Structure formats: C-alpha cells, structure tokens
Amino acid sequence: MDGLLIVLCPMVLGYLIKTRNLAILSRLNLGVVVLLYIILFMMGFSLGQIDNLAQQLPIIAHSALTFIVLTIGLNVAGLLVLDKRYPFQLKKTNGKMPSRWRLMLDSLLMLSMVFAGVLIGLSSKGMFNLPHNASTYVLVALIFLVGVQLRNNGISLRQVLFNRRGIIAACSVIATSLIAGVLAAFWLELPLFQGLAIASGIGWYSLSSVMINDAFGPVMGSIAFFNDLMREILSLMVVPALMRHFATAAVGFTGATALDCTLPIIQRSGGVQVVPLAISYGFIINLAVPLLLVLFTSLPQ
C-alpha cells in the first residue's frame, strides 16, 4: 500500500498543475527523460552490488530462464489475443510518431544506462552505496512530472483509474502468470507454492525477491529477482517494437513497472494516449502482486 501511495500521491499533485506555456512543457518532457535515465542507472548499480554475483548467476540461470520464458511467453500470448480481438488504434501525435529506429535507439541508450550502473556498482562495491531511498525520491519526482503531463494533455483521472482495457489486460496477465508458475514448478520439480510465488512477482523484483528470500531462502529469492528484473530490462526493447500494432501487449509486457519506471518508455513509444491504459493496468497489478506473494509464501509447502 505504501508503494501505491508513493505513486498515486505525486501523480495527483502533478495533475493539479495546469499550464499552457510550451517552454515549460518542453522542459517537463526533458525532465521525464532525465529522471528515467537516473532510475535505470540506479537499477543497474544495485544489481552490480549484489554479493557473489558471479557465483550466483550460474546456479540460478536455468530456473530463472524457465520462469522468464513461461511467464512472459504466456503473458504475451494472452495479450496478443486481446489485441487481435479488440485492436487499440494509436493516433498520431502532432502529425507524426517517432520512427521505429529512433525508438530502438532510445532503448539502446536506456540499456546503456543499466550496463553503466552495473559496471560502476561492481567497481565501487564496498566503497560507495546509494543514499537510502534515493531511487524512491527520483521516482516520486518522475511520477509528479507524469501527472503534470496527464493534466496538460487532456487526460482525466477517470480515464486513468477506470480503464476497461487496463482491467482486462491485468486480469489476463495475472491468470497467465499463475498458470506459468504451475508449469514451472512441475518442470523444475519445485513445490507448487514456490512456483506460484515466483511467478506472482510480475516485474516487482524489489518486493518479490525480499519476500521469497525470507520465505524460501536466498536461492529462490535470487531466481525471483532475476525473473522479475529481466522483464523490466527486456521492456526497454520490447515495448517500442510491439507498440505500433500491439499496444495492449506492449503495456502488459512491463508488468508492475507499468506504473512507475517503464511508464515513460510506454509514453515515449505510444504517446500520452496509452498512459491511462498503462496506469490502470499497473495500478491493478501493483495491488495484486503483494496479495499474491503474501498468500503463496505463507501457505504450507
């Protein structure tokens, strides 16, 4: 619930600000991009500072890859069916949309920020740590600016919080994730509730890794971490590639991060018109993930 308040409060405050000054709006758009790069760098930095990263990767690779393939594969399959049956027609913004190559270049630049963070995190391990809650402060500032964007692009809060497509997409992703968790548990010969718990993270690696580590130990926690982290990293490439023809699948791919750090990527790829879908979808996913994790980590194995 605290995570939802951290997102919704700055968004609502930003939504209260109205301006027609084009220079201010231009700087605001630039600010969103800069804050996004900072968040991606912090994500990579935190990854680089994990203890014994080199030794852990081979141990968890097979299990993490199994969960990644099954959860994301089934998520996207369900969302593509929704897009085929009920297409989301993107309207061009100001007469043109960014070229696909430009969007892919943007994704490569974002990935470079993650890799730079990993390298610096590894080289500074034991010498420097990020200030406590630094990423939260950056996230609050970013979501505040997104709220200002929403207000000044004619998007109502009702559109954001009561988006029918967002609700259906969230239900599809939750259902297919749980199916993937069952399949992964059987394939890897894990207890069923461990498989369901890992699959229930849906991209929220900071929450899932901690809860699963406490419940099932560091190996399972690491699998959950990389499973959910890879969704966020892959989103940098997949969202721009899918957005033109499969907007619902592009948004749904991002999982819980649709409400925060991948929201600017969604907005840059599809325009402000997809932001209500992303926030409605992300809102439901961010409500469901903690509930599912609590359920599956507390039940007897």
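1. Helix 12 (residues 263-270) packs against helix 13 (residues 275-298) at about 150 degrees, with the axes 9 Å apart. Axes are lines fitted to C-alpha atoms, for helices over the stretch in contact, and angles run from 0 to 180 degrees between N-to-C directions. Helix 12 and helix 13 are therefore roughly antiparallel (under 35 degrees counts as roughly parallel, over 145 as roughly antiparallel, 65 to 115 as roughly perpendicular and the rest as oblique). Their crossing is right-handed, a term used when the near helix is turned clockwise from the far one by less than a right angle.

2. This contact (heavy atoms within 4.5 Å) involves L263, I266 and Q267 of helix 12 together with V275, A278 and I279 of helix 13. By class, five of these residues are nonpolar, one is polar and none is charged. Here Ala, Val, Leu, Ile, Met, Phe, Trp, Tyr, Cys and Pro count as nonpolar, Asp, Glu, Lys and Arg as charged, and the others, Gly among them, as polar.

3. The model is predicted: local features need pLDDT of at least 70 and side-chain atom pairs pLDDT 80 or more, while totals for chains, interfaces and linings use all residues. Residues are numbered from 1 along each chain as its sequence is written, and side-chain values use heavy atoms, leaving out hydrogens and water.

4. The protein chain contains 13 helices and zero strands. Both kinds of element are DSSP runs numbered from the N terminus, helices being H or I of at least four residues and strands E of at least two.

5. A second pair is formed by helix 7 (residues 164-188) and helix 8 (residues 192-199), whose axes come within 7 Å and cross at roughly 140 degrees. That angle makes helix 7 oblique to helix 8. On the helix 7 side, the contact is made by S177, L178, G181, V182 and A185, and on the helix 8 side by L192, G195, L196 and A199. Six of the residues in this contact are nonpolar, three are polar and none is charged.

6. Helix 8 is largely enclosed by the rest of the structure, because six of its eight residues are buried (under 20% relative accessible area, with exposed over 50% and partly exposed in between; 1.4 Å probe, protein chains only). The buried residues of helix 8 are Q194, G195, L196, A197, I198 and A199.

7. Two of these, A197 and I198, are among the contacts of I212 beyond its neighbours within four places in sequence. I212 is also one of the residues with the most contacts inside the largest nonpolar core, which has 78 residues (a set of buried Ala, Val, Leu, Ile, Met, Phe, Trp, Tyr and Cys residues joined through side-chain atoms within 4.5 Å).
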